[in-house]
There are 2 protein chains.
Amino acid sequence: MKSKNQDPQDELFMRLAMKQAIRALRRTAPNPAVGAVILKNSKVLAKGYHRSAGLPHAEIDALQKLGASKAVGSTLYVTLEPCSSHGKTPPCTESIIAAGISRVVYGATDPDKRHRGRAPRILRKAGIVVREGVLAKECSAINAHWNHRVSTGLPWVIAKAGMSLDGRIDSPLHISERRWITSAASRKEGMRIRASVEAILVGGGTVRTDDPALTIRDIKIPEDQPHPWRIVWSKSGKIPKKSKLLTDAHRDRTLLFTNMTLRRVLKELGKRGISSVLIEGGGHTLGEAFKRKLVDEVRFFIAPVIQGGRVPAVNAHISPAHLNEVIYTKIGSDVMISGLVKKLNPES
Amino acid sequence: MKSKNQDPQDELFMRLAMKQAIRALRRTAPNPAVGAVILKNSKVLAKGYHRSAGLPHAEIDALQKLGASKAVGSTLYVTLEPCSSHGKTPPCTESIIAAGISRVVYGATDPDKRHRGRAPRILRKAGIVVREGVLAKECSAINAHWNHRVSTGLPWVIAKAGMSLDGRIDSPLHISERRWITSAASRKEGMRIRASVEAILVGGGTVRTDDPALTIRDIKIPEDQPHPWRIVWSKSGKIPKKSKLLTDAHRDRTLLFTNMTLRRVLKELGKRGISSVLIEGGGHTLGEAFKRKLVDEVRFFIAPVIQGGRVPAVNAHISPAHLNEVIYTKIGSDVMISGLVKKLNPES
C-alpha cells in the first residue's frame, strides 16, 4: 500500500500547487488561499487556484481548465484538505469523485474541527488513494492568518506604531509644523504591511486628529487585489463627515463600530471573514489592544529622536506583553522591531 | 626647513605615544590622558604617560625614565601640546628646553583658548624645531570628554536607559516580583558604559525607589582605575541613610547635590574636573536632562516587551532631540540604540 500511497515526487508537485495558492493570497476572504495541480503519467495536465469567494475552489478551477473527462486516473495535488460541505459552491470531494481522479495528495488539514479529516474518509470510501500532510507546515503557513481566525474566531492582529526612541507617537510641534516621526523608508514598509492584511483599524481619536486615508500608496500591488477594509473603533461614533475614510474613493470599504469593546469589534470582523487586522493607533487603541491581550504580532518603528511628547505609543496600564521571534531591522534612519506576542494565558 | 620639520616616521612614533596615552585614560581627571615617546637616531629611548593628577605629565614621565642628560638632541613625541603654565607641576615647556631636546612633535592642540598655541612659540624661541598636529584628530579623540569640558565648562553627558518597546522604565509588576526589563547582556554592556565615565548621576527618586549601587560589576577593569563618582541630584536631599550609595565601600565617592538645577550640578562637576557623566535615570531626571539640552550622547537599551507602565523613560515635555551617527546594535534579546544629540542651538 505504501508504494501506492507515497511518491518521492509528491513534494515537487505540491510546491507547484503552493505557487498557485500564493497567487490567491488576499483575494479569497473569507476563504483560504488554495492551489491545485492535476498530474497524469508524471505530466502536469492543469493548474488552478481559488480566485475569490464565490468562484470555484482551486481543485475545481484546475478540473474546469482540463475539461470534464480528461482527469480520469489522474493525481490531484491540493494545498489544503478538499472541502466536504456545501458552501457557495458544492463540496469539492463530490467533484473529485465525479471526475474519476484516482489519487489525491493534500498539504494542510482543514483547521476547522467540524471538517478536518472528513475529506480523506469520503474519498477513500469512493476508492481514491489519499495521501495527507505533504508539506503540511508550508501549505498551512500560506494561510496563517486564516488558520488563526478559523481556530479562534478572531482575526490575527498586528500592532503597528511609528514612535520616538522614548516611545511617543505625538509630535510636540505645533500642528502646522507637524512632521513624520519615522523616515520615508519606514513609511514605505508600513505600506507593505498594510498591503499584507485584510483590514486596518484605528481609534476614533486618530480619525479626528489625523484624518488618515489608510490607503496603500507608493508601492505596487496587483490591480485586482482588494483594498483592505478600514475599520474605525469609536465609542461615540463622532467622526467628522468630511473625513477621508467617509468621503474618498474607497469609502465603501470603511466600517464604523461604535459603543463596542475592541474584542467585540474584532469578533465581528472575524465573523465577516476578515482574517487579519492591522491596528495603527492611536495610543489609546493600541493600549486597549495590549491590555485585552488581543495583539498577536508587533511591528514598531523607532526613530532616532527623543520626543518627550504627551502621547505614549501604548497608552494603558497593562501586563507586560513579551515578544518571541524578535527581529530588529535597520530601515532608513529607524529601526523596525517585529515580533510575536507570547500568549501564555490567552483570554478566550 | 621642511625636511627638518617633517619626518615620514612621525606618524609611526606618534602612534606609539598614543598607546601610552590610552594607558592613562580615566586616571588623570581633571587632567587629560597624554602619552609621550623620546626618540634619538631612530631609536626609542623612553616612553611615558600621565598617571594621575599631581604626578608628572607624560613628557616628564618619559624624561625621568631616561635620566637627565641623555635626552640632549632627541625628538619628543607627545599626544597633546605640552603645557606652558604652572599647575600642580611646573610647565613642561621648561623641562623640555632644560633637557636639551632638539625637536618636538605633538598631536592635538590644547583646546583651552588661554593655552593653545603657546607651547610652540615658547619652544621655537628656545631654538627647538616643532611640528604640530600629527594625527591631531586621533590624539584629540582620546580626550573627547575632556576636550568637551575644557571648551564648554560642562561634562560630556550620556543618557542611558533600559526600557520596554513602548518606552517605559518601570516594571508594572508588584515590587516583590520585579525583574530587569533588559537582558543580562545589556546590563553587562551597561557596566562597560559605567566603566567609561568619570561619574554616574541619578535622581533622588531613583535612590529612594531602587537603592542602586552604581558600581561596576561583572566586568574586569584595571585595579588602579578609580571608581566613577556617584552623583545624586535631589531637590529635597531626602535620601535614606541606609542607601547603598551612602553606606557601601565606595561611599566616599558619592556626592549629593540638593536644591540645584541639573545644569548647575553639571557645572559644579565640570569645575571639579569631571569630564564625563552618565545619567542613569529616572524618567524625571532624564526628562530634565533632555529638556535643558544637557545630553550629548544617548545609549538606550530597548527590550522586546510592551509594558504600558506608568513611568516613561523620558518624563518631560521637551523639544525633539534628534540623533546623529545612530548605531543599532542587537545585544542579547534587546537592541541598543546609541547616537549623538544634534545640537543646533546649544544653550550657553
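A: Let's start in chain B, where the side chains of Asp10(B) and Arg131(B) form a salt bridge at 2.8 Å, N to O; that term covers a side-chain nitrogen of Lys or Arg within 4 Å of a carboxyl oxygen of Asp or Glu. Asp10(B) sits in helix α2 of chain B and Arg131(B) in strand β5 (residues 129-131) of chain B, so this pair ties together parts 121 residues apart in sequence. Helices (H or I, at least four residues) and strands (E, at least two) are DSSP runs, numbered from the N terminus. Asp10(B) is buried, with a relative accessible area of 0%, and Arg131(B) is buried too, at 19%. Here buried means under 20% relative accessible area, exposed over 50%, and partly exposed in between (1.4 Å probe, protein chains only).

A quick note on the ground rules: this is a predicted model, where local features need pLDDT of at least 70 and side-chain atom pairs count only at pLDDT 80 or more, while totals for chains, interfaces and linings use all residues. Residues are numbered from 1 along each chain as its sequence is written, chains are lettered from A and ligands numbered from 1 in the order written, and side-chain values use heavy atoms, leaving out hydrogens and water.

Back to Asp10(B): its side chain also meets that of Arg103(B) in a salt bridge, 2.6 Å from N to O. This one links helix α2 (residues 10-24) with strand β4 (residues 103-108) of chain B, the two residues being 93 apart. Both Asp10(B) and Arg103(B) are buried.

Over all chains, the whole structure holds 30 salt bridges.
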